[in-house]
Amino acid sequence: MRLKEEYSHNVDDYDDEDSETMSQISVGALQQQQQQQLKNVVVVGYALTSKKIKSFLQPKLEGLARNKGILFVAIDQNRPLSDQGPFDIVLHKLTGKEWRQILEEYRRTHPEVTVLDPPDAIQHLHNRQSMLQCVADMNLSDSYGKVGVPRQLVIKRDASSIPDAVAKAGLTLPLVAKPLVADGSAKSHELSLAYDQYSLQKLEPPLVLQEFVNHGGVLFKVYIVGEAIKVVRRFSLPDVTKRELSKNAGVFRFPRVSCAAASADDADLDPSVAELPPRPLLERLAKELRRGLGLRLFNLDIIREHGTRDHFYVIDINYFPGYGKMPGYEHIFTDFLLSLVQSGYKKRSC
């Protein structure tokens, strides 16, 4: 009886231990399976403003991303970045010196992670004095057309000195006035059009003055995502005739020009105005700017000088623009993210 009891007891122990071992194996196998699945997922950590999250991370983007094996994970700004992840890509659009330092340190200690885009490279676009310099240095001209920038003047202080500075620089009225700092805020998108010398004193430095170029009231927004290019038409400031210039005076303010609500894609336009810039010209321009700026996510505001077919001006460049307004952006962006990981691409600032 004792032996039987001991034997029964040992059998029970064996069954319990065996069950526990099998459970451990099952859990271990499940963990390995989950880890393997995670290895096949592209993890994109994002640090964006609430406004950018709403406009960019739309359900159609997140849904398509999941189907393609891409997972968007919010970065907690209250925790050290190095303690989060692991990430394959870090996508960001935040401002501030502290955040730039955090990202630069992260890039140094995590060279395997692609940071879109390098903070120092982005800084060039936050200042309109340096923003267009890369385009100006190109002097891009070929059989498809010529690309330049409007003549411009930077005024950092003392509005009373603007008329003399404009006369000395030889700029021609009317002039477009833009805030010097382009940080994505509503104020940075405000434009003013000054018609006469006296009204220039009413402007508020620091600012950039650009010669206004008649362009048929339409501009082209050229969205660039890696090597992908998408162009849309937007209504812009109307042309100013010599008669209007002689009869008008003062400063006219425009809170925002060329927003998505001002789409001109379906408008009945003069074909000479509506015709998109030649694709080969845009591809060459985008390639040169990707290399010169050290950026992969940006857009260009381009105008065609009215009365010409092939003379274009770049008037603005924006980092990580409103891609959510771009038709089909979810396919373009997810393909771009996958291509970065598949090619082992690592971002480098110029």
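A residue counts as exposed here when its relative accessible area is over 50%, and as buried when that area is under 20%. With that in hand, here are some notes on this predicted model.

1. Let's start with aspartate 266. This residue sits in the loop that runs between strand E13 (251–254) and helix H10 (271–274). Its relative accessibility is 80%, so aspartate 266 counts as exposed. Arginine 233 is 33 residues away along the chain, yet the two C-alpha atoms are separated by 8.9 Å.

2. Leaving aside residues up to four places away in sequence, serine 199 touches Ala194, Gly250 and Val251. With glycine 250 there is a polar pairing as well: a polar atom of the serine 199 side chain lies 3.4 Å from the backbone oxygen of glycine 250.

3. Next, helix H8, which spans residues 162–169 and has Ile162, Pro163 and Val166 as its buried residues. Viewed down the axis of H8, these buried residues fall within an arc of 100°, so they line one face of the helix. Asp164 and Lys168 are exposed on the other side of H8. As a reminder, an α-helix has 3.6 residues a turn, so residues three or four places apart point the same way.

4. What lies over the buried residues of H8? The cover includes strand E7 (152–155), strand E8 (175–179) and E10. Just after the helix, glycine 170 takes a positive phi of about 75°.

5. Now to the annotated positions. In an unreviewed entry, UniProt gives the feature "binding site" at Lys52, Lys93, His189, Lys221, Asn318 and Gly322. Of these, lysine 221 is found in strand E11 (residues 218–225), and its relative accessible area of 9% makes it buried. Asparagine 318 lies in strand E15 (residues 311–319) and is buried too, with a relative accessible area of 17%.

6. The surroundings of asparagine 318 are worth a look in the viewer. Not counting residues up to four places away in sequence, asparagine 318 touches Leu125, His189, Lys221, Leu297, Phe298, Asn299 and Asp301.

7. Aspartate 301 is part of strand E14 (residues 297–304) and is buried, its relative accessible area being 6%. The side chains of aspartate 301 and lysine 221 are joined by a polar contact of 2.7 Å.

8. Aspartate 316 is placed in strand E15. With a relative accessible area of 9%, this residue is buried. Its contacts, residues up to four places away in sequence excluded, are Arg128, Met131, Leu132, Lys178, Asn299, Leu300 and Asp301. With arginine 128 there is a polar contact between the two side chains, at 3.3 Å.

Terms used: Residues are numbered from 1 along each chain as its sequence is written. This is a predicted model: local features need pLDDT of at least 70, side-chain atom pairs count only at pLDDT 80 or more; totals for chains, interfaces and linings use all residues. Side-chain values use heavy atoms; hydrogens and water are left out. UniProt positions are given in the numbering used here, feature names are shortened, and annotations may be inferred rather than shown by experiment. Helices (H or I, at least four residues) and strands (E, at least two) are DSSP runs, numbered from the N terminus. Buried means under 20% relative accessible area, exposed over 50%, partly exposed in between (1.4 Å probe, protein chains only). Contact means heavy atoms within 4.5 Å. A polar contact is a pair of N or O atoms within 3.5 Å; within protein, one must be able to donate a hydrogen and the other to accept it, and residues adjacent in sequence count only if both atoms are side-chain atoms. The arc is that of the directions from the helix axis to the C-beta atoms.
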